[in-house]
Amino acid sequence: MDSAGTGPATGPVAGPPGHSRLASAVVPYYYPSQSEQAYLEHRTRLVRRSFPHALGVDDFMQRVEVALHAFGFSGDNSIAMVNLCRDEVTMTLKQRIDRVFGSSFNTNGLGGVLTCGVSGVRAGLSHAPVCAATGAERYVFFSFPHISIDARGVKGAISRPGRPGQSCACGALRGALEAIRGAGLASACKVPGVHEPLDPEMSILLQRLARRLRYEGVGEAEARDAESLDLVRITQVAERTITDDLEYLISRTVDAERADYAIVTGVQIHSWSPRFEDEVPNLEFVAPSTVDVVVRGVKTHIDLLSLPAITPRQAELLAAEHEHGERHGAGAGARSANGAARRAVCASVAGTTVREVEAPYLYRSPDGDKAQRLARLVVHAPRVSADSCPWPAWQSRLRAREPHRADDSSVHMDDEHGEANVKGNK
Ligand SMILES: [Zn+2]
């Protein structure tokens, strides 16, 4: 499995010793160099300080696919019910789930909080494929709050394409953490079910986390102590909270007599470069927690860590297959600053396999590289107009003569004063 040490110290695409003639005759698969292996092991250890069982995202998905297939779940016979944070960076995991199980039904909320209720879950279940022979259905529930631990090991820090400065993941969980630290647990534990009309998800997330902390025995002093309650811990608390909420919703919606289902939960971890467009590889991890299957009413706990890791060669094959489909033959790997395709870094380290990620939008894209280059060049043309289309021009033809809807005084966002405007109340 681990090809490090068997390959050359340099040269990204050479085969193992003794196979050079063969390697030149067949597709030259990737063998990581020792420096690459050491680097990726260092990056993995930075993540595992906080999440000891974190796996590379491709390795994680491969293990999930193999384990669930052993219990009868596949992309052909199951629907994936995916619950992630609304943040666009969570797409790196959703794409991998979709590749295995097809287009998924999402129940996303801020911080991953579940607000869709039984109607949302039932809607997804009603879209599941039905076994022609038995009428049975299969569901695979995925649920992951997320956190960033960047390439330096800074918790919460993430860079985003086209956006200068440091950003945060998860911003919603950090917001809840700051609210609890600032105002205390008691003020966040309002009457169950009550939410802010203008901020429903955030207020539900805050309340659910505060109640869970109190349930787990955290007192006011501990909740306000930044050393004790940090972003990693609140993310782990969020994972337990949301997993319990998901299991409760499943108990109220799934008919185990008629359907088999699986639950896969944990924490999604982004380990990206502090500067999005530089050469530092963006890595993605998942720290699994609950992996259960319920087949014919019998629940089985699955230990994903007992499965072997995907090999670097298999990771490259999967990436090449996916990228061929999504990028029309651009090939596996990222792009260098001059836009040329280059191999993504990939190696087996510490019981998992880690490979640089590239999402199909903006991540290390030629467009991103071009934007960086033009940003450097623009100092030579400081007077250039930023308008792509002169004004006035044809824009005036786009104006409609009337607004699409007349202004009214309907009820906005549960505004209690709007009740007076309801027809019949006047
Ligand atoms: Zn988030």
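These are my notebook entries on one predicted protein model.

**Ground rules**
I count residues from 1 along each chain, in the order its sequence is written. Since I have a predicted model, local features need pLDDT of at least 70, side-chain atom pairs count only at pLDDT 80 or more, and totals for chains, interfaces and linings use all residues.

**Confidence**
I looked up pLDDT, the predictor's confidence in each residue, from 0 to 100. The chain's mean is 83, and 76% of its residues reach 70 or more. Residues 1-29 stay under 50, and the model gives them 44 contacts beyond four places in sequence. Residues 327-340 are also below 50, with 31 contacts beyond near neighbours in sequence. For me, a contact is two residues whose C-beta atoms, placed from the backbone, lie within 7 Å.

**Whole chain**
I found 12 helices and 12 strands; these are DSSP runs (helices H or I, at least four residues; strands E, at least two), numbered from the N terminus. Of the 426 residues, 36% count as buried. Buried is 20 or more other C-beta atoms within 10 Å of a residue's own, exposed is 12 or fewer, and partly exposed is in between, with C-beta atoms placed from the backbone. Taking contacts between residues at least 6 apart in sequence, I see that 72% join residues at least 24 apart.

**Core**
Which residues touch the most other members of the largest nonpolar core? Val140, Phe141, Ile269 and Val286 do, in a core of 87 residues. Such a core is a set of buried Ala, Val, Leu, Ile, Met, Phe, Trp, Tyr and Cys residues joined through C-beta atoms within 7 Å. Leaving out residues up to four places away in sequence, I listed what Val286 touches, including Ala54, Phe60, Leu93, Phe144 and Ile269.

**Helix H6**
I checked the length of H6 (residues 171-183): its 13 residues at 1.5 Å each should span 18 Å, and its end C-alpha atoms are 18 Å apart, which agrees. The expected span is 1.5 Å times one less than the number of residues. Ala172, Leu173, Ala176, Leu177 and Ile180 are buried in H6. They fall within an arc of 140 degrees seen down the axis, so they line one face of the helix. That arc is taken from the directions from the helix axis to the C-beta atoms. The buried residues pack against helices H7 (185-188), H8 (200-215), H9 (220-223) and H10 (231-253). Just after H6, Gly184 has a positive phi of about 90 degrees.

**Arg48**
I found Arg48 in helix H2 (residues 34-48). Why is Arg48 partly exposed? Because 19 other C-beta atoms lie within 10 Å. Its C-alpha atom is 9.0 Å from that of Ala287, although they are 239 residues apart along the chain.
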